[in-house]
Amino acid sequence: MSLRIRLALVVAVTFAIVVVGCVYAAHVSASRELRAQTDRFLLQRASDPRVLGGHDAHGPGPGGGPDGSQDGRPLFEGTIPALVEPDAIAQYLSADGTVTQSVSSQPQLPVNAHDKAIAANGGAANLRDVSINGTPYRMVTAPLPNGGAVQVARSLQETNNVLGTLDVRLLIIAVIGTILAAGLAWLIARSTVRPVEQLTGAAERVAATQDLRHRIDIERNDELGRLASSFNTMLVALGSSREQQQRLVMDASHELRTPLTALRTNIEMLQRAPGIDDAERAAVLAAANTELAELGDLVGELVDLATDARAEEPLQLVELAPLVERVVERARRRYDGTITFTSYQPVEVNARVSAIDRAVTNLLDNACKFSPAGGLVEVEVDRTRIEVRDRGPGIDESERAHVFDRFYRAPEARTTPGSGLGLAIVKQIVDLHGGTVALAARDGGGTVARLELPPA
Ligand code: ATP
Ligand code: MG
């Protein structure tokens with residue numbers, strides 16, 4: 001079921017329930033009020049002084065039989081005028097419960113055991129529903145001061161008619177209200193769902209065409225507007241990530257070709273000159289081995305850069321100084337010069353340990369690689385800042401902006417081994433931590449690499 005239909009149904013059903021509830025409440029309150037009115041009328045009638053005055057509790061009225069008629073004319077006209085008005089039927093009960101006075105033209109009211117008990121012993125007036133000749137009546141039986149009781153009944157026909165008319169009208173209102181609600185709900189659902197459909201359409205178009213340049217233009221200040229703008233932001237991010245990936249693949253295939261070509265040249269040489277002497281063969285094989293090792297490193301670094309595996313490493317609170325010191329110790333084993341390590345005011349940082357280890361290793365590798373043979377390399381940790389200083393050739397002002405680009409190597413550096421990915425990896429790691437990294441010229445010659453992490 002579509003969102004639009006579901007929304008319309010929910011609104012319509014809710015409204016219909018409210019309307020039906022209101023109609024039912026109106027019916028109940030009207031019927032209660034009408035019944036209360038009837039009861040008040042009956043109780044008032046039963047306590048009318050004229051009623052109380054015109055009664056003899058111990059027998060039939062003057063010359064009258066229980067049927068209340070004599071010589072074909074109403075017997076009690078003068079005695080109980082208040083009772084015989086056309087809006088009510090009335091009769092008296094003697095103390096033994098027999099009907100003593102009633103009006104001949106009116107039907108007799110039913111008398112049950114409770115009514116007889118009231119006539120005999122008094123007590124509170126009793127109201128009840130009765131049916132007389134198939135017509136519903138409301139009747140009161142009230143005790144009289146001198147014994148006996150008076151019964152007054154009023155037809156409920158009129159009340160029921162009023163209620164019936166009211167019910168029909170309320171039903172019409174409910175039906176019309178529900179139909180209107182359904183229409184309104186449909187309109188509301190349509191206008192609510194339209195931007196969602198626009199969004200869905202745009203997403204489907206992007207999925208079908210793989211065209212990430214598509215944008216959704218929904219100008220709204222509500223949740224849907226925000227959804228659209230996040231969708232656009234997501235498309236931009238996706239687009240730039242895809243562009244980066246494509247660039248990486250292109251750069252990588254270009255860079256991989258160099259060691260591959262060298263490797264192929266060496267192997268071809270071995271094939272073409274089967275008679276070369278052992279020393280030469282060993283040299284060619286050693287070169288091929290080095291190229292293979294470089295190729296392996298390159299592939300490893302590429303995989304590191306291309307996959308965001310580092311981001312998955314959890315952040316943890318670590319002391320920066322011991323972390324850097326471990327890197328220094330490892331580098332000392334590979335480097336024939338001296339590497340010093342100093343730390344001031346060591347602090348803890350939030351870091352991905354192996355990523356930071358990798359970044360510092362790359363900086364230190366560069367310092368060792370570009371130092372003159374046996375040159376001094378200094379590593380210093382000051383709070384959250386790491387500095388690696390060397391006395392190498394330094395980096396030209398004009399090249400400093402590019403050293404963090406993938407595969408970038410200064411012209412002077414192209415004779416040294418490497419692929420130009422080391423600093424790109426450092427930059428990626430530092431960005432991931434929200435820190436900064438920069439290479440600067442060192443006073444007296446050389447380079448200072450500064451990596452700063454945000455404090456924990
Ligand atoms: P890789 O690190 O991938 O093995 P690489 O060291 O050449 O190769 P990067 O570490 O990215 O690549 O450095 C990029 C370039 O920046 C280097 O080729 C070099 O020209 C320059 N560079 C980096 N560090 C130094 C340094 N300490 N002194 C002089 N030049 C440097
Ligand atoms: Mg490097």
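A pocket is here an open set of grid points with protein on both sides within 12 Å along at least five of seven lines. In this predicted model, the largest pocket has a volume of about 1,300 Å³. Of the 47 residues that line the largest pocket, those closest to its centre are Lys369, Arg409, Pro417, Gly418 and Ser419. When the lining is divided by class, 22 of its residues are nonpolar, twelve are polar and 13 are charged.

The greatest contribution to the lining of the largest pocket is that of H9, which supplies ten residues.

On the side of H8, the contact is formed by Leu320, Leu323, Val324, Arg326, Val327, Val328, Arg330, Ala331 and Arg334, which meet Val353, Ile356, Asp357, Val360, Thr361, Leu364 and Asp365 of H9. The residues of this contact of H8 with H9 comprise ten nonpolar, one polar and five charged.

A further packing arrangement involves helix H1 (residues 3-46) and helix H4 (residues 157-209), whose axes lie 7 Å apart at an angle of about 160°. H1 is therefore roughly antiparallel to H4, and H1 passes H4 in a right-handed crossing. In the contact of H1 with H4, 24 residues are nonpolar, seven are polar and four are charged.

H4 also packs with H5, the axes of the two helices coming within 10 Å and crossing at roughly 10°, so that H4 and H5 are roughly parallel to each other. In this contact, Thr192, Pro195, Val196, Leu199, Ala203 and Val206 are the residues of H4, while H5 provides Leu224, Leu227, Ala228, Phe231 and Leu235. Ten residues of the contact of H4 with H5 are nonpolar and one is polar, with no charged residue among them.

Methods:
Residues are numbered from 1 along each chain as its sequence is written. Chains are lettered from A and ligands numbered from 1 in the order in which they are written. This is a predicted model: local features need pLDDT of at least 70, side-chain atom pairs count only at pLDDT 80 or more; totals for chains, interfaces and linings use all residues. Side-chain values use heavy atoms; hydrogens and water are left out. On a 1 Å grid over the protein atoms alone, a cavity is a set of points where a 1.4 Å probe fits but cannot get out, and a pocket is an open set with protein on both sides within 12 Å along at least five of seven lines; lining residues have an atom within 4 Å of a point. Grid points are joined across faces, edges and corners, and a volume is the space filled by probe spheres set on the points. Helices (H or I, at least four residues) and strands (E, at least two) are DSSP runs, numbered from the N terminus. Ala, Val, Leu, Ile, Met, Phe, Trp, Tyr, Cys and Pro count as nonpolar, Asp, Glu, Lys and Arg as charged, and the others, Gly among them, as polar. Contact means heavy atoms within 4.5 Å. Axes are lines fitted to C-alpha atoms, for helices over the stretch in contact, and angles run from 0 to 180 degrees between N-to-C directions. Angles under 35 degrees count as roughly parallel, over 145 as roughly antiparallel, 65 to 115 as roughly perpendicular and the rest as oblique. A crossing is left-handed if the near helix is turned anticlockwise from the far one by less than a right angle, and right-handed if clockwise.
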